[in-house]
Structures are given as C-alpha cells and as structure tokens.
Amino acid sequence: MTAGAEPLVDLLIVGGGLSGLTLLHRLRQLCPGRSLMLVDQPQRLAAAERDPRLLALARHSQQLLQQWQLWPQLAAAVSPISSIEVSDQGHAGRLLLSADDQPPFGCVVEAAALGRALQTALLPVRAAAIEKIERLTDRVRLTLDDGGVVACRLLVLADGGSQRWDQVLGQQRSVKPYANQALIALVDSNRPHRGRAFERFTTAGPLALLPVGERQFSLVWCGTENECLTRLQAEPEHFNQLLQQAAGYRAGELRLLAERNVYPLALMQVERLMSHRCLWLGNAAHTLHPVAGQGFNLALRDIDCLARLLAASTTDDWGQYSLLADYERQREGDIAATVRFTDGLLALFANDHLPLVAGRNLALAALNLLPAGQQLITRRGMGLGNH
Ligand SMILES: Cc1cc2nc3c(=O)[nH]c(=O)nc-3n(C[C@H](O)[C@H](O)[C@H](O)COP(=O)(O)OP(=O)(O)OC[C@H]3O[C@@H](n4cnc5c(N)ncnc54)[C@H](O)[C@@H]3O)c2cc1C
C-alpha cells in the first residue's frame, strides 16, 4: 500500500480518557511545534468531566501533575492521605503505615476535576470513532466514522483496552477476569479521619476507604456480582448496615452520601507495549484491580517516560522503531512489578485457607515492627515504582 493525500500528523492518540488527555496535555507543553491529534467518540469526550470516581494518587504522581502545571486547577478537589491502615476482617493483624512528619503519602483527587483541568483548551480533539486502521511503512492510516481519513507517524492506543484492534495490529494480551466487581460511593463518618485511609480485606473481597474533605470517604468495595447488585439496590439504611458490618468501626459510623456505581474488574496486560508505529498506553496496556489504587499512577509514569523520550529525540519521525523499543525497555520492569504487587496482594488476602490467614496476620503484625518491610510497601504505594 502507498501513502495517500490524507492529512499526516506526528502523533495521534485514540482515546480521550485520563491517559490519552494527559499525554496530549504533556506533549503540547514539551513539543509545541509538533502536530498532535486525539480522537474519541463524541459522547465519551465529555464523560471524563463527569467521572464519579475519586482516585488515590501517590506522592510521585502528585509531583508529576504539579510539574505539568495541572495542580492549581485541582487544589479544591484534593485531600491528602497521611496514613494508611491495612487490616483483615475478623483477625487481629493490623498494619499502620504512617507518613509521620514527612509529606503525605499522596492524595485523593476527583477524577472529574482532573478531566476538567485536562480538557481546558485541549485542541485539536476530533470527536469521532475509529473504524479502520491500516499500517503502512511510513505511517498509520485511520478511517473515522465521520468519513474522515487521517494518518500519523505514531499511533498511541489509549482506548482503555478495547481489544478491537489487537488482531489487525498483531497484539496479544492476557486477560484474567476477577470474580469480583467494585462498588464505589461517597460516604461520611461521624468523626474526622485526619487523612487516614483504610484498606480492609474481607472474605468477600477488599474494601478501601479513601479520605476526602474532613469526614468523608471514597468507598471502593469489592464483592461478587450478586453482592454488588444487592449493595447497589439496597435502601440507604440497609446499605449502611452492610457497610458497617464489613468495614468495622475503626473509621467511625459510616453513612451513604451519594450515588453508587459498579465496575467489572479484570487484570489485563498486553504482551508487547509497542509494535510497528503503534504504542499502547494506560488501561489499554495494563488494566489493574483497583485494590491498591495503582492504575492511573502507573499510567502517569508511562506518560512521563514517553513524553520525555519523544521530546528528547532528534528524529523527525516519532514512529521510529528504536524510539518505541526504548520506551518499552524503560517501562516493562515497573509495569511488571506493579502488576505483581497488585495481583499478589489480592491473592494473599482473597484466601481463607487457615495457615495463610494466620500467616498474613503475622505478616501484618510483623510489618508494623519492621521498618524495611514497611518501606517496601510504602515506596510502591507512594508510586515510586522502580525509581
Ligand atoms: C473502581 C475503580 C477505582 C479506581 N481507583 C483508582 C485509584 O484510586 N488510583 C489510580 O491510580 N487508579 C485507579 N483506577 C484506575 C483508573 O481509573 C484508570 O487507570 C484511568 O481512568 C485511566 O484510564 P484510561 O484513560 O487509560 O482508559 P479509559 O478511561 O477506559 O479511557 C479510554 C477511552 O478510549 C475511548 N475509545 C475506546 N475505543 C475507541 C475508538 N474505537 N475510537 C475512539 N475512541 C475510543 C473511550 O471512549 C474512552 O474515552 C480505578 C479504576 C476503577 C475501575
């Protein structure tokens, strides 16, 4: 196939979720002379501004957003996390990770506020869906559902892991659906949390309470499909009782404040982060269980690495294989370690086998006493990855 007369840009991003929007924002800052384009379906482009989730962002992610000048617009939507209490329902072990007099571990940010900050003056964004992708030697050509055809030197797939293009782009991915789904909601407590987050492992799955404001928490509560449906449909009073039973009273008396949403969960990972003129980013490259709040933190580290590599490259052609291979080499270790950390945490706490229960309670108690073990969890929790 030969190159056509369609418009040609340096880089085209498919997907205007948080990953795609953040990459576009960062590249516009670092490489103002380059031609960039982002394509997403019209109804989804506005969705980032209404995302009901609250995201736990590690200290390192916070520093990146500050460097990228997004912080001033987020200030009103941020709550610091100064300590994290990890416990196992019905057992004595408890781990308290505390930032003490250091800066907080990280913070909780409204995903919608980040979406709004990113969408401010974000052009060129094309409201369309991709219908066809063709890879040529020197470009990738895309046919859009609005009849348009565009081409790019480098195609970044930030489409959240839709597997639609895997076959045509020669991608393989492993998908491990979890039995659990996650219900998220905003709840309040009868006492101030002072920045403490709670992560509790219950027989039905993990439950996280992330501090928001003075007395509120963002709840992420995992359970089977049926359990999540019951919790979704329960009258608020009944919901509060179920929640209190599962969460205990360490975070105070909890009460539902706002609408509940349920998300299906899976661990998904692509085999290669790149192939000829294509690169996979964010959830499109790795979708994690939200138990340890690592998904977007990991995507931010991917974006940081990619943007720095592209900005430093001396080539005109961003689709050059060696550039993409460099990106893959630099990112694969951190991604693999973060996947292992998240999946390992789930495997450890999803098990009711007695020796394992005893073992993990000992481990929680021991980690309280062992600064080195704490440091390891804390480093990863703070989003330091392999840095
Ligand atoms: C319940 C829950 C809680 C979470 N909590 C945390 C947390 O505390 N901390 C954290 O770091 N992470 C967390 N995450 C993960 C985080 O939400 C994601 O990592 C983040 O939203 C980034 O997503 P993304 O932009 O990569 O993909 P998505 O948000 O899925 O966006 C993909 C975009 O691609 C578009 N698209 C798809 N196909 C096409 C096509 N053919 N043409 C054009 N566009 C297309 C879609 O319309 C969409 O806009 C959580 C996730 C869940 C489910």
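Strands here are DSSP runs of E with at least two residues and helices are runs of H or I with at least four residues, both numbered from the N terminus. Two strands are said to pair if DSSP finds at least two bridges between them.

Strand β1 (residues 8–14) runs parallel to β11 and is joined to it by 6 bridges; within this pairing, Leu11 has Leu154 of β11 as its bridge partner. Strand β19 (residues 278–280) is also parallel to β11, with 3 bridges between them, and here the bridge partner of Leu157 is Trp280 in β19. Strand β10 (residues 140–144), in turn, pairs with β11 in the antiparallel sense over 4 bridges, and Arg141 stands opposite Ala151 in β11. The hairpin of β10 and β11 has 4 residues between the strands, and in it Gly147 takes a positive phi near 90°. In a regular strand, side chains alternate between the two faces of the sheet.

## Surroundings of the ligand

The ligand is surrounded by 29 residues, of which the closest are Ser19, Asp40, Arg53, Ala56 and Asn283; a residue is near a molecule or strand if one of its heavy atoms lies within 4 Å of it. Three of these residues place polar atoms by ligand oxygen atoms: a polar side-chain atom of Arg53 lies at 2.8 Å, a backbone N or O atom of Ala56 at 2.7 Å, and a polar backbone atom of Asn283 at 2.8 Å. Of the 1000 Å² that the ligand exposes when taken alone, the protein buries 91%, with accessible areas taken from the Shrake-Rupley method with a 1.4 Å probe and, for residues, only the protein chains shown counted as cover.

The elements that contribute two or more residues to this shell are α1 (18–30), β2 (36–40), β3 (54–58) and α9 (295–312), and the largest share, 3 residues, comes from α9. By class, the shell has 13 nonpolar, 12 polar and 4 charged residues, where Ala, Val, Leu, Ile, Met, Phe, Trp, Tyr, Cys and Pro count as nonpolar, Asp, Glu, Lys and Arg as charged, and the others, Gly among them, as polar.

Ser313 sits in the loop between α9 and α10 (321–349), and Ser313 counts as buried because its relative accessibility is 17%. Its side chain reaches the backbone oxygen of Leu310 at 3.0 Å. Apart from neighbours within four places in sequence, Ser313 is in contact with Trp318 and Leu323, a contact being heavy atoms within 4.5 Å.

## The chain as a whole

The chain holds 12 helices and 20 strands, and 55% of its 387 residues count as buried. Among contacts between residues at least 6 apart in sequence, 73% join residues at least 24 apart. The chain exposes about 17200 Å², with 52% supplied by carbon and sulfur atoms.

## Basis of the values

Residues are numbered from 1 along each chain as its sequence is written, and side-chain values use heavy atoms, with hydrogens and water left out. As this is a predicted model, local features need pLDDT of at least 70 and side-chain atom pairs count only at pLDDT 80 or more, whereas totals for chains, interfaces and linings use all residues.

Technical notes
A polar contact is a pair of N or O atoms within 3.5 Å; within protein, one must be able to donate a hydrogen and the other to accept it, and residues adjacent in sequence count only if both atoms are side-chain atoms. Buried means under 20% relative accessible area, exposed over 50%, partly exposed in between (1.4 Å probe, protein chains only).
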